[in-house]
Structure formats: C-alpha cells, structure tokens
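Hi,

Here is the model I promised to pass on.

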Protein chains: 2
Amino acid sequence: MSSLVERLRGRKWRMTPQRRVIAETLDCGEHVHYTAEDILNRASVHMPEISRATVYNTLNDLVSLGEVLEVSVDGRSKRYDPNIHHDHEHLVCDACGAVRDVHIDGDALSLLSPQESHGFLVTEAKVTYRGICPDCQGRS
Amino acid sequence: MSSLVERLRGRKWRMTPQRRVIAETLDCGEHVHYTAEDILNRASVHMPEISRATVYNTLNDLVSLGEVLEVSVDGRSKRYDPNIHHDHEHLVCDACGAVRDVHIDGDALSLLSPQESHGFLVTEAKVTYRGICPDCQGRS
DNA sequence: CTCCCTGCAAATCCTTTGCATACCC
DNA sequence: GGGTATGCAAAGGATTTGCAGGGAG
C-alpha cells in the first residue's frame, strides 16, 4: 500500500512544503491518530513557520478528497485517520484520549436486524472499543 | 424501569424547577438524543427564563453522576443519552445528524481477538451505525 | 439559615474565514 | 504569469467559568 504522500502525488494534488510536512506527519501516526493541534506541533518541528490555518485547511482538503478520515471519539477535538485503505475499527483510551486502529474478525453490520433499522437506510457500522492504554496502565 | 426524574429523586439529588425541566426533557427523547442547545430550546418552552449555563452545568452533573451518557458522533455538538440502563447502540443520520437507539443481537466485544488489543485493558465495545433517516430520505 | 444552584456575561477552546502576499505548476 | 495556498488576525460556534443574588432543604 502506497503512502499518503505518494497517493497525493499520484492524484496531481498541488504539493507545497507545508502540505508535504502535514501528509508525512499523518503517515507517521498511521495507527495512532492525532488532533489538528498535534499535527501542528509535530509539523512545527520540521517547519516552524507553518500556520494553524494551513493545517486546518489542509486536513479539511484531505478529508474532502477522501484520503483521510475524520474521527470523533470525545466531544473535544477531532482526530485524523490516514489509514482509510484498510478496513479497521478504533480503540480509545479513556484516560488520555489516544486512538489507535484495530482489526476485527466479523462484521458488525450483520448484528443489526432489519426490523431494528427503524426505517433508516443503513450503510455502515463502526465499532469503537474503549479501555486503558498500556502507557496509562503504567501511570496509575 | 423508573424515569430519570424518579431516579434522581431517589438519589437525593438537589431538585430545582430548572433541573426538573431538563430531566423531563431528556426523558422525552429517550430514543432520539438531543444536543445541549436542543435541550435549552425545549426546556425554554416550559420555562422561558432558564439559562444556557444552567443547562450545560446540569447536563455535566448528570454525566458525572452516571445517569446520562455523553455521545459524540460528529465533531460538532455533543448529544445526551438518558437511556443508560438498557444496553444499546446508536444509529446516526449522515444527513441531519439525528441519533437514535437501536438494539443488536450479538456482542461486539467478542469480535476483538486478544492479540488485537495491543496491550489495552478493553472494557467496552460500542457500535455506531450510519445511514439516512426516514425524514431525510423523503427530503432528497 | 446555610449551601449551592442560577443567571448573566466574559472567557476559553477549537475551528473557520477574509484578505493581502507568496509561490507552485 | 495565473491561480491558488499561505499566514495573520479576527470572527465564529460550542462550552465553561467567575461572581453576586436567590431559593431548596
């Protein structure tokens, strides 16, 4: 599977230094997803002048392009998931809010019986697992 | 199952007119969950002077008490679910953001194999179904 | 009578937007 | 060079908080 940067280049997306740094930062967190603020902080290490607005704009562009997924697990900041080409679910730490990808065996869609759909046209099922991550277990 | 208002009375929670109206409003949406702003609007019908801060404070208190669940399905506003005493999952409309409860047959926790837990102490699995609600299907 | 809930307004957090400039293609 | 991404700062929506007064127990 190609990296996000490679895929974007392939789609002839206008590439700028800022956008490259953001895409690379997203790829680094392929299994642990960051908030916009996280991305800004990490990108700033390699490019101190990068602006908050550019990070937000770029993340929204990537979501619109369908190359990155927006994940909301708490009411606070959204997180961004670059790993859209593998089907997966999310595992959230109740202590620190970290989010990582996991793979499951079955299909959660099949757990919903037709009469429980209440007239909705149901297209997707996502499972969110919650618990305490290894780091936070150690800290307790 | 007792209503939210009855349970709160039983827990000797300090009851005020504002809090009663908020709790009753939550109970009205037992299967369709509201945002804080929704609650404010609906409560205002019965009590026009009620303040936004009181609604937010009260909702947070109820979440802390464990009597109401906070639900985040998009990056926008949180929604509040008073139906914590029945195990259930959520069905979200991608068009209007409405959230309602559904019941499923199996258990999503069992879909996660131990080696996929990545060291997390996993305590909960929640499925979020997405689709288009009957109202929005009609509107399209 | 005491404590804490309420309402108001200001503050805070996260995110978006307007505009002039810079730079990718 | 044209069009668009960038950076800054200000605006915007959602939620929280400080403080004075009022009402529940």
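Before the strands, a word on terms: two strands pair if DSSP finds at least two bridges between them, and helices (H or I, at least four residues) and strands (E, at least two) are DSSP runs, numbered from the N terminus. This is a predicted model, in which local features need pLDDT of at least 70 and side-chain atom pairs count only at pLDDT 80 or more, while totals for chains, interfaces and linings use all residues. Residues are numbered from 1 along each chain as its sequence is written, chains are lettered from A and ligands numbered from 1 in the order in which they are written, and side-chain values use heavy atoms, with hydrogens and water left out.

Let's start where the two chains come together. Strand β6 of chain A (residues 121-132) pairs with strand β6 of chain B (residues 121-132) in the antiparallel sense, over 11 bridges. Within that pairing, A:Val127 stands opposite B:Val127 in β6(B). β6(A) also pairs with strand β4 of chain A (residues 89-93), this time in the parallel sense and over 4 bridges. There, A:Leu91 has A:Tyr129 of β6(A) as its bridge partner.

(Contact here means heavy atoms within 4.5 Å.)

On to the helices of chain A. Axes are lines fitted to C-alpha atoms, for helices over the stretch in contact, and angles run from 0 to 180 degrees between N-to-C directions. Helix α2 (residues 17-28) and helix α3 (residues 36-46) of chain A pack at about 120°, with their axes 9 Å apart. α2(A) and α3(A) are therefore oblique to each other (under 35 degrees counts as roughly parallel, over 145 as roughly antiparallel, 65 to 115 as roughly perpendicular and the rest as oblique). On the α2(A) side, A:Val21, A:Ile22, A:Thr25 and A:Leu26 meet A:Ile39, A:Arg42, A:Ala43 and A:His46 of α3(A). The residues of this contact of α2(A) with α3(A) divide into 5 nonpolar, 2 polar and 1 charged (Ala, Val, Leu, Ile, Met, Phe, Trp, Tyr, Cys and Pro count as nonpolar, Asp, Glu, Lys and Arg as charged, and the others, Gly among them, as polar).

α2(A) also packs against helix α4 of chain A (residues 52-65), at an angle of about 65° and with the axes 10 Å apart. That makes α2(A) roughly perpendicular to α4(A). Among the residues making this contact are A:Ile22 and A:Leu26 of α2(A) and A:Val55 and A:Leu62 of α4(A). By class, the contact of α2(A) with α4(A) has 5 nonpolar, 3 polar and 2 charged residues.

One last item, from chain B. An open sheet of 3 strands has the order β1-β3-β2, with antiparallel pairing. β1 (34-35) and β2 (69-71) of chain B stand at the edges, each with a single partner strand, so one side of each is left without a neighbour in the sheet. β2(B) is joined to strand β3 of chain B (residues 79-81) by 3 bridges, and B:Val71 has B:Arg79 as its bridge partner in β3(B).

Cheers
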